[in-house]
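Please consider the structure shown below.

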Amino acid sequence: MAQDFSSLFNHHEREVFATVMAMAPQYEGNIALDADTLCDVACVALNRLPPRYIRHEVDFSFYLTERERQEISAAVHEAVTYAFNFVEARTALRSRNS
């Protein structure tokens with residue numbers, strides 16, 4: 001029996017991607033903001049957050065309180081900030097060692 005799991009996704013992905021794009025201009029000039037770097041930032045941020053796999057956004061959001069929404073938003077912002085700083089530091093370290 002074959003099953004299509006393509007409808008499953010991590011709830012944090014969309015918010016992390018949006019936050020990465022919103023925060024990217026703050027890091028312009030510090031690191032190259034190409035597609036590879038932004039993907040690296042998103043990966044680091046997502047790895048700092050607990051996975052929340054869902055099929056439909058409404059399935060997850062419907063049951064959240066306003067406080068939980070705010071906590072998730074703050075956690076995403078903190079994870080993305082950490083990720084930009086991490087990638088920035090690694091980029092600087094690589095350039096010094098080259």
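This is a predicted model: local features need pLDDT of at least 70, side-chain atom pairs count only at pLDDT 80 or more; totals for chains, interfaces and linings use all residues.

Residues are numbered from 1 along each chain as its sequence is written, and side-chain values use heavy atoms, with hydrogens and water left out.

Helix H4 (residues 66–97) has 32 residues; helices are DSSP runs of H or I with at least four residues, numbered from the N terminus. From first C-alpha to last, H4 reaches 47 Å, close to the 46 Å expected at 1.5 Å a residue, the expected span being 1.5 Å times one less than the number of residues. Ile72, Val76, Ala79, Val80, Ala83, Phe84 and Val87 of H4 are buried (under 20% relative accessible area, with a 1.4 Å probe and protein chains only). An α-helix has 3.6 residues a turn, so residues three or four places apart point the same way.

The axes of H1 (residues 12–27) and H4 come within 9 Å and cross at roughly 50°; axes are lines fitted to C-alpha atoms over the stretch in contact, and angles run from 0 to 180 degrees between N-to-C directions. The contact (heavy atoms within 4.5 Å) includes Val16 and Val20 of H1 and Val76 and Val80 of H4.

H1 also packs against helix H2 (residues 35–48), at an angle of about 130° with axes 10 Å apart. In this pairing, His12, Glu13, Val16, Phe17, Val20, Met21 and Ala24 of H1 meet Leu38, Val41, Ala42, Ala45 and Leu46 of H2.

How values were computed: Helices (H or I, at least four residues) and strands (E, at least two) are DSSP runs, numbered from the N terminus. Buried means under 20% relative accessible area, exposed over 50%, partly exposed in between (1.4 Å probe, protein chains only).
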